[in-house]
Amino acid sequence: MAKTTKKETLDKKNESKTETLKSWKPNKQQRFVLGCLLVLFSIALLVAFISFYVNGQWQTDQSAVTQLGDRAEGVENWLGKFGAFLSDLIVYKGFGIASFVLVRLFFLTGLFLALEMSTKRLKSIWFWDLFAIIIVSVLFGFFATSAPELGGTIGYELNLFLQDYIGKTGTLLTLLFGLIIYLIFKIKLSPEKIQSYFDSTKKEFKSELGSLKPQQAESAYNLEEFATEEDVELDNIHLKSDVTQFEINKEALKPTINHSSEIDLNPVVKPLQMDIKPATITQPVHVEEFVIEKAAEEDIIEENLASRLVADFGLFDPTLDLSNYKFPTIDLLKEYSTGGITINQEELEENKNKIVDTLRNYKIEIAQIKATVGPSVTLYEIVPEAGIRISKIKSLEDDIALSLSALGIRIIAPIPGKGTIGIEVPNKNPTMVSMKSVIGSAKFQEAEMELPIALGKTISNETFVVDLAKMPHLLMAGATGQGKSVGLNAVLTSLLYKKHPAEVKFVLVDPKKVELTLFNKIERHYLAKLPDTEDAIITDNAKVVNTLNSLCVEMDNRYSLLKDAMVRNIKEYNDKFKARKLNPEAGHRFLPYIILVVDEFADLIMTAGKEVEIPIARLAQLARAIGIHLIIATQRPSVNVITGLIKANFPARIAFRVTSKIDSRTILDTQGADQLIGRGDLLYTNGNDVVRVQCAFIDTPEVEKITDFIGSQKAYATAYLLPEFVGEETGINLDMNISDRDTLFREAAEIIVNAQQGSASLLQRKLKLGYNRAGRLIDQLEAAGIVGPFEGSKARSVNISDLSSLDQFFNNEQN
């Protein structure tokens with residue numbers, strides 16, 4: 001058993017080395033040096049290739065190429081023997097004159113690397129340039145058979161190969177097809193562009209005809225001795241009709257004046273060919289037909305306008321306002337460990353023996369056992385012998401923990417997707433997972449998610465990355481001091497490293513007043529707030545209600561925009577806006593994601609109650625489609641803190657260590673959170689399987705460095721402003737119309753004034769009313785100013801002292 005374990009350990013070491021080599025990426029200095037090398041090499045190739053053709057090296061230097069070792073042999077190439085060798089290899093024996101495209105390829109690659117530009121576009125450049133090299137080489141090999149230096153050996157041989165099988169005609173057709181592919185996919189040549197070219201030619205031809213017509217009219221007017229009076233009147237009327245109709249068309253086509261080339265702006269031709277009297281010209285037949293025809297084509301012209309805008313200006317880029325913004329570098333984060341996991345072979349062997357012996361004491365035999373070492377926990381996967389009941393093993397959880405002397409073990413019976421039973425045992429010397437190792441992992445850097453979040457590492461030491469946009473809301477719970485605030489910082493840091501300030505905004509609620517204050521430095525980059533408020537981070541519970549209601553207003557406004565744009569979610573809307581298919585003058589704009597983060601939700605419920613619960617429930621139910629996501633942290637999501645309505649809309653949950661099984665079931669709907677070891681050890685579920693993760697650790701100085709780096713850059717003029725929300729200042733805002741008052745209003749007022757106690761229960765007893773009507777009477781009395789506002793469990797104050805003052809109050813109202 002020990003030999004097998006050692007072999008597996010060696011295999012894992014080899015695998016980790018292979019993964020390290022695969023995930024290696026050059027740093028900034030290495031990229032710059034490599035880029036400079038490629039740029040200089042491209043210049044050297046250009047010099048060698050030009051001298052190859054200028055000096056006729058393919059004839060004069062041919063013998064010298066075969067004798068490179070002979071120093072006495074001279075060459076005429078400007079780059080010496082090395083240039084002669086490269087020219088012979090790449091140009092003569094390669095692709096001929098098409099080899100100059102390689103100069104461009106190496107030069108662009110070097111620039112991309114040296115200037116730290118995104119290398120994603122390089123793949124497309126390399127593919128299409130290599131495609132062009134092959135096509136051009138074979139073309140020269142086809143047409144210039146007498147000049148082999150133009151097509152190169154490869155082009156000549158490929159041409160002969162194709163001709164042997166499909167003949168000259170087939171070869172020519174194949175080359176033409178290759179050219180068509182290049183023109184369509186690379187140069188973006190399309191039938192619409194060809195048609196627009198002919199349309200512009202047609203427009204120029206018409207403009208030339210238009211410039212000739214006034215001269216013809218003038219010459220006809222000078223020959224007045226040959227013209228009758230009626231002819232002159234007809235000409236004047238036609239000229240006037242033409243000018244009037246052109247003015248109408250210009251006004252009707254003002255938004256789409258660029259497309260006037262597609263419209264016949266010369267309606268006077270038809271009347272000139274007919275014998276029509278001047279009186280009939282006054283009928284606006286042509287104007288009405290023209291306007292109706294234009295209205296039918298309005299939608300098509302708008303689509304053509306959008307496509308032309310994209311062709312002229314490209315897709316809309318929301319990051320242009322902060323085009324020089326630089327994302328935080330990974331050097332700002334601290335490395336707390338070597339990045340690897342130290343495997344204690346003795347500890348693994350000892351724990352394995354104890355597990356086997358404990359189960360054997362209860363007559364449970366094991367057919368196979370395997371260990372997977374994680375940062376803080378080791379997973380032992382066991383396969384019991386046939387006939388052993390799983391429930392019997394699960395009931396021995398405490399006995400196994402006792403034999404291992406462990407802080408707490410967790411049994412997964414069975415492991416989803418596997419035919420094994422898992423026993424999670426804490427390591428004696430846990431390894432800290434740094435935020436730097438998580439952010440720098442390939443899984444996070446290459447994640448194609450809308451809102452990627454790197455939480456930490458799993459038991460198998462894999463980086464755990466999830467998409468907040470698909471959760472769509474996150475509930476985070478756990479006992480005090482178990483890592484909730486660090487988890488929130490890890491979530492926010494992940495988004496800061498991945499999303500531009502134009503793409504995401506945060507609404508931060510921090511009742512503790514100390515956990516999220518560091519993010520004040522990035523207020524004008526990433527934070528959102530209400531108008532006329534000083535601090536973007538909300539620490540006063542009284543302001544939370546207005547902020548939540550403001551988010552509800554923002555949600556309703558965004559749904560209206562989605563309805564007008566005829567799309568279903570924010571991603572489709574933003575894609576349509578980037579494609580310039582939505583008009584900003586109609587209120588459309590690019591919509592960033594808004595993430596509401598609440599550090600201690602229970603404190604809000606205790607102070608605000610229903611005023612917080614209602615907008616939170618609305619946002620949890622409806623806001624996912626328009627890009628508003630909630631992250632709520634609390635110590636225990638009990639029924640009185642998070643109601644069933646809210647909890648049903650939080651399928652994604654994170655549970656840190658709690659003190660009892662009841663709390664674990666409250667959070668996860670299953671037990672297990674009570675057996676975690678603390679210090680960032682968490683369970684994550686999104687409605688399916690439960691995954692154990694060691695949360696990445698990020699300290700306060702690291703967060704401060706990141707916020708300082710972002711805050712020192714150019715920012716927007718203000719933070720992202722949410723819609724203004726005006727709350728009800730007087731509690732109940734009712735109509736003051738006297739005619740709408742209840743018929744028992746005066747009698748109820750007399751009872752309240754006599755008793756000097758404003759309560760609905762008093763009116764119920766005295767007037768024998770139901771609770772609803774008594775409540776409406778109290779609201780009307782408050783609106784009239786007779787009683788004061790609601791004060792919790794206390795009775796309302798009465799503002800009128802006696803009945804005589806009440807009579808005077810009613811007399812003043814009537815007057």
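Which residue with a positive phi follows α22? Keep that question in mind as you tour this predicted model; the answer waits at the second stop.

**First stop: a sheet**

Select β1 (366-373) and strand β2 (residues 377-384). These two strands pair in the antiparallel sense over seven bridges.

Together, the four strands form an open sheet with antiparallel pairing, in the order β1-β2-β4-β3. On average, neighbouring strands here are turned by 20° against each other, direction ignored.

**Second stop: helix α22**

Move on to helix α22, residues 570-578. Begin at its start and select N569: a side-chain oxygen of N569 comes to within 3.2 Å of the backbone nitrogen of K571.

Then colour I570, Y573, N574 and F577, which are buried. Look down the axis of α22: its buried residues fall within an arc of 95°, so they line one face of the helix. Why can residues three or four places apart point the same way? An α-helix has 3.6 residues a turn, so such residues do just that.

To see what covers these buried residues of α22, show α21 (541-565) and β10 (593-598), which are among the elements there.

Finally, select R580: this is the residue that follows α22, and its phi is positive, near 60°.

Terms used
Residues are numbered from 1 along each chain as its sequence is written. This is a predicted model: local features need pLDDT of at least 70, side-chain atom pairs count only at pLDDT 80 or more; totals for chains, interfaces and linings use all residues. Side-chain values use heavy atoms; hydrogens and water are left out. Two strands pair if DSSP finds at least two bridges between them. Axes are lines fitted to C-alpha atoms, for helices over the stretch in contact, and angles run from 0 to 180 degrees between N-to-C directions. Buried means under 20% relative accessible area, exposed over 50%, partly exposed in between (1.4 Å probe, protein chains only). The arc is that of the directions from the helix axis to the C-beta atoms. Contact means heavy atoms within 4.5 Å. A polar contact is a pair of N or O atoms within 3.5 Å; within protein, one must be able to donate a hydrogen and the other to accept it, and residues adjacent in sequence count only if both atoms are side-chain atoms.
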